[in-house]
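Colleague: Before I read anything into this predicted model, I would like the reasoning behind each term. Please show it to me.

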Protein chains: 2
Amino acid sequence: MTRAQKGTVYLVGAGPGDPELLTLRAASLLETADVIYHDDLVSQEVLQLARATALVISVGKRCGAKRVTQLEINNKLIDSARRGLSVVRLKSGDPLIFGRAGEELKALAVAGTPCEVVPGISAAMAAAAALRCSLTSRDAASSVLITTGHHAQSPNAALAPTRVVYMPSSDLNEQAEKWLREGNSPEMPCALVSRVSQSGQTIFRTTLGELATAPAPVSPAVLLAGWALDQMHELGVLELQRAPREIELPTVPFSCE
Amino acid sequence: MTRAQKGTVYLVGAGPGDPELLTLRAASLLETADVIYHDDLVSQEVLQLARATALVISVGKRCGAKRVTQLEINNKLIDSARRGLSVVRLKSGDPLIFGRAGEELKALAVAGTPCEVVPGISAAMAAAAALRCSLTSRDAASSVLITTGHHAQSPNAALAPTRVVYMPSSDLNEQAEKWLREGNSPEMPCALVSRVSQSGQTIFRTTLGELATAPAPVSPAVLLAGWALDQMHELGVLELQRAPREIELPTVPFSCE
């Protein structure tokens, strides 16, 4: 079990509500954190995992009625960590999908507060599981588009989506040219993440214009592209808080090409 | 802790590789199942959670080199359950995103084998966590498009994506008309899932042509639409295996409208 570290803020996905759909890491952090700041949608059953002595504080916003402003939330996170507490910022679903985590991550980075993001089960996957129906199939759908009907989240429907390509082709030039032909700027941020969460995880940050010159990603890999990744460029990807494990890079990258 | 039930097949997401990113439910099922059929990409650290006496069998395909055919996998799952074993079918990431789970779910439904799907952390969310970068932001991206570069998964790039709308507007007519204007068939399958994974979960299956007449979904809700959901219509959504919990429907649906 991993204990929440003093002075660190963990942005944690609470999943869709069933506490059994928390990750092991999320549950460990919840059980050991000194203070938990949570959104309204986080279920009571999930919050019951917090230890008895933890401060559990709602910082939810509903329908734009801000009981607590975003600036206040940012300051609470930073102040709690500075006072030497271990802090969990708990968001329903996954924290990086419609979670407005960007503003908190930026504030934490600017303040120099150590932080880590723990992904959560997002509603799309939970709903598909409830329906027992694959979101993709070779005959019917080769992609999934996640949007929101919540107006506060989507003032500009014309914004291009963040693209996530699972198992990208090793011919990155072909992919880059396709996106450039579609009218995307060569400045658009891109990132290649290989072996995510595992030993040997690598992150390569680039732009669409430079993507073709990136090293072929070691499988399994994910290619991300879009302006939301600008924050990654702006703040840099800080060193992960977790203790690095031994890196074992294969001599021959696995490839299907 | 939930024990894997005899005679049941669990399609379980193994997440991106770090065993701490398994859900609590996935870990419990892994620790109690009699037999585990897993793909190649599932990490050894995850497989080590299986109990010592469990049969752990790789049914992976690599680069189309099928050591085991899909039909053989389907039959193994059904046969194992019929022999009274508890069966975990373990897929990396989330089982319903590029996992080819549709064929297995169909075979299990046709055979009348009890099954349950347990979602997993998908690579998009894990990569975003590693980058510490939100996939959406109000200024930069109001949607996420998940695709694959793996040719075997996407023979027809022209296929429309499966759409997942988080927090759909209560004006379903507006949404339906927008999709119809975009040229989608009124026959296109849709589903509204409210309070997914929680007590009071509801599922409403419909089509795009009938969507406007659906009851306004109770928040939090997700609207799904696309031809991949055809399987949901074809097979029906069987009763969930999990024991129903007390249902507490609010008298006044929460709404931001």
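Colleague: What is the strand order of the open sheet of 10 strands?

Modeller: The order is S11(A)-S10(A)-S12(A)-S9(A)-S8(B)-S8(A)-S9(B)-S12(B)-S10(B)-S11(B), and the pairing is mixed.

Colleague: What makes strand S11 of chain A and strand S11 of chain B stand at the edges?

Modeller: Each of the two, residues 202-207 in its chain, has a single partner strand, so one side of each lacks a neighbour in the sheet. From one strand to the next, the twist averages 15°.

Colleague: How do you know that S8(A) and S8(B) pair?

Modeller: Pairing requires at least two bridges. Three bridges join S8(A) to S8(B), and these strands run antiparallel; therefore they count as a pair.

Colleague: How much area do chain A and chain B bury between them?

Modeller: About 9800 Å², with 63% of it on carbon and sulfur atoms. In contact are 104 residues of chain A and 105 residues of chain B. In chain A, the residues losing the most area to chain B are Arg132(A), Arg138(A) and Tyr166(A), together 10% of what that side buries.

Colleague: Why is the meeting of Arg138(B) and Glu103(A) called a salt bridge?

Modeller: The rule asks for a side-chain nitrogen of Lys or Arg within 4 Å of a carboxyl oxygen of Asp or Glu. Here the N to O distance is 3.1 Å, so the Arg138(B) and Glu103(A) pair qualifies. Across the interface of chain A and chain B the rule finds four salt bridges, and 48 residue pairs are in polar contact, both residues at pLDDT 80 or more.

Colleague: Which element gives the largest share of the side of chain A that touches chain B?

Modeller: H5(A), with nine residues. By class, that side of chain A has 60 nonpolar, 27 polar and 17 charged residues.

Conventions. Residues numbered from 1 in each chain as written. Chains lettered and ligands numbered in written order. Predicted model: local features only at pLDDT ≥ 70, side-chain atom pairs only at ≥ 80, totals over all residues. Heavy atoms only, no water. Helix = DSSP H or I, 4+ residues; strand = E, 2+ residues; numbered from the N terminus. Axes fitted to C-alpha atoms, helices over the stretch in contact; angles between N-to-C directions. Contact = heavy atoms within 4.5 Å. Buried area = accessible area lost by both parts, 1.4 Å probe. Polar contact = N/O pair within 3.5 Å; in protein donor to acceptor, adjacent residues only side chain to side chain. Nonpolar A, V, L, I, M, F, W, Y, C, P; charged D, E, K, R; others polar.
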